[in-house]
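Could we go through how to read this fold, feature by feature?

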Amino acid sequence: MADTSAYQTKYRNELILGFEDRQSRLRHTVVTEADVNGNQAIFLVSDSGSATATTRGADGYIVARSDNNTQSTATLAEWHDLVEKTRFNLFASQGNQLALMRQTSMDVINRKIDDDIIAQLDTATNDTGAASVASLDTVMKCLTILGDNYVPIEEEDKMFGLISPGFRGELMQLTEFSSADYVNVKPLVGPVQKYLRWAGINWIMHPRLTGSVGASGTGASEKCYIYHKNSLGHAIDKEGMDTAVGYDDKQDLSYCRMSTFMGSKLLQNSGIVQYLHDNSNNTAS
């Protein structure tokens with residue numbers, strides 16, 4: 001008997017968001033300044049200039065000195081993301097396209113914030129040499145370089161390790177990283193965590209580091225970092241994004257615009273160590 005059924009297609013109305021980076025992972029890892037009026041924000045870094053104590057001079061007077069004040073300027077630029085869809089597009093499309101517009105526009109600006117901070121990290125000049133795989137030795141080398149630069153590496157809440165997924169994968173295989181004999185939080189138990197604390201460092205996995213596969217690189221020389229929060233500054237016009245959502249009667253379309261004025265700046269080169277990670281063994285051939 002011939003099959004005479006009349007099949008129909010069911011479209012699920014609820015959206016399933018595609019895989020992409022949706023948040024800023026780095027803004028809380030740097031010194032921030034919000035509510036900036038103007039196109040520049042100046043960060044002040046002050047110290048003694050490596051001064052040493054002195055005794056009285058032959059004339060009986062104590063020699064006076066000045067403190068060292070360094071002003072670094074973050075120049076703000078405007079960044080926008082604008083999405084438009086006609087009323088017919090919204091009417092004929094599957095899912096809540098208005099909600100999708102708002103979500104994806106916010107995602108775009110959040111990614112730009114991180115990319116701006118990463119670009120400043122890439123200007124740092126302290127490094128551990130040629131690219132190599134992640135190891136306990138290299139992590140300790142980074143901390144040694146920072147310690148020799150008088151960076152307060154004991155300030156655990158201000159120490160960050162910015163690493164690629166490949167770097168994280170190799171850390172997870174280190175006994176000193178994953179064994180309960182060494183750590184309080186077991187990284188191999190439960191879901192994958194975006195932030196892990198180990199060796200006095202808050203480790204953040206980021207897929208768009210320069211040279212990484214996520215940033216269209218080969219993975220053979222991924223720029224990963226260990227740094228102190230006071231090494232970088234990020235300025236923004238206000239804490240929240242400027243959001244405009246509306247409908248244009250004349251053109252019969254809906255729109256969503258997210259905007260921000262922001263800029264980042266390297267403040268203390270001595271507080272950042274770049275580690276070139278060789279992830280070529282983990283990348284697809």
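This is a predicted model: local features need pLDDT of at least 70, side-chain atom pairs count only at pLDDT 80 or more; totals for chains, interfaces and linings use all residues.

Q: Which residues have the most contacts inside the largest nonpolar core?
A: The general idea: in soluble globular proteins, nonpolar side chains tend to be buried together. A nonpolar core here is a set of buried Ala, Val, Leu, Ile, Met, Phe, Trp, Tyr and Cys residues joined through side-chain atoms within 4.5 Å. Buried means under 20% relative accessible area, exposed means over 50%, and partly exposed is in between (1.4 Å probe, protein chains only). The largest core has 41 residues, and Leu-162, Leu-171, Trp-203, Ile-226 and Tyr-227 have the most contacts inside it. Helix H3 (residues 136-148) gives the most to this core, with 5 residues. There's also a second, separate core of 8 residues, including Ala-41, Ala-74, Ala-235 and Leu-267.

Q: What is Tyr-227 in contact with?
A: Contact means heavy atoms within 4.5 Å. Setting aside neighbours within four places in sequence, the contacts of Tyr-227 include Leu-26, Leu-121, Phe-160, Leu-162 and Ile-272. Ile-272 is also the bridge partner of Tyr-227 in E12.

Q: Which way do the side chains of E12 point?
A: In a regular strand the side chains alternate between the two faces of the sheet. In E12, Ile-272, Gln-274 and Leu-276 point one way, Val-273, Tyr-275 and His-277 point the other way, and all are buried. With 6 of its 6 residues buried, strand E12 (residues 272-277) is therefore largely enclosed by the rest of the structure. E12 pairs with E8 in the antiparallel sense over 6 bridges; two strands pair if DSSP finds at least two bridges between them.

Q: Which strands pair with E11?
A: Strand E4 (residues 77-86) is antiparallel to E11 over 10 bridges, with Leu-82 opposite Arg-257. Strand E9 (residues 232-236) is antiparallel to E11 over 5 bridges, with Gly-233 opposite Lys-265. Strand E10 (residues 242-248) is antiparallel to E11 over 7 bridges, and there Tyr-247 has Ser-254 as its bridge partner. Since 10 of the 14 residues of strand E11 (residues 253-266) are buried, E11 is largely enclosed by the rest of the structure.

Q: What should I look for in backbone phi angles?
A: Most residues other than glycine have a negative phi, and most peptide bonds are trans. Asp-252 isn't a glycine but has a positive phi of about 55°. Asp-252 sits in the turn of the hairpin that E10 and E11 form with 4 residues between them, and is partly exposed, with a relative accessible area of 25%. Ser-216 has a positive phi too, near 65°. Ser-216 lies in the loop between strand E7 (201-205) and strand E8 (222-228), and counts as exposed at 73% relative accessibility.

Q: Is Ser-72 buried or exposed?
A: Ser-72 is buried, with a relative accessible area of 9%, and is found in strand E3 (residues 68-75). Ser-72 and Leu-266 are 194 residues apart in sequence, yet their C-alpha atoms are 7.9 Å apart in space.

Q: Which residues are closest to the centre of the largest pocket?
A: On a 1 Å grid over the protein atoms alone, a pocket is an open set of points with protein on both sides within 12 Å along at least five of seven lines, and lining residues have an atom within 4 Å of a point. The largest pocket holds about 390 Å³ of space. Of the 16 residues lining this pocket, Asp-47, Asn-149, Tyr-150, Gln-268 and Ser-270 are closest to its centre. Strand E2 (residues 40-47) gives the most to the lining, with 3 residues.

How values were computed. Residues are numbered from 1 along each chain as its sequence is written. Side-chain values use heavy atoms; hydrogens and water are left out. Helices (H or I, at least four residues) and strands (E, at least two) are DSSP runs, numbered from the N terminus. On a 1 Å grid over the protein atoms alone, a cavity is a set of points where a 1.4 Å probe fits but cannot get out, and a pocket is an open set with protein on both sides within 12 Å along at least five of seven lines; lining residues have an atom within 4 Å of a point. Grid points are joined across faces, edges and corners, and a volume is the space filled by probe spheres set on the points.
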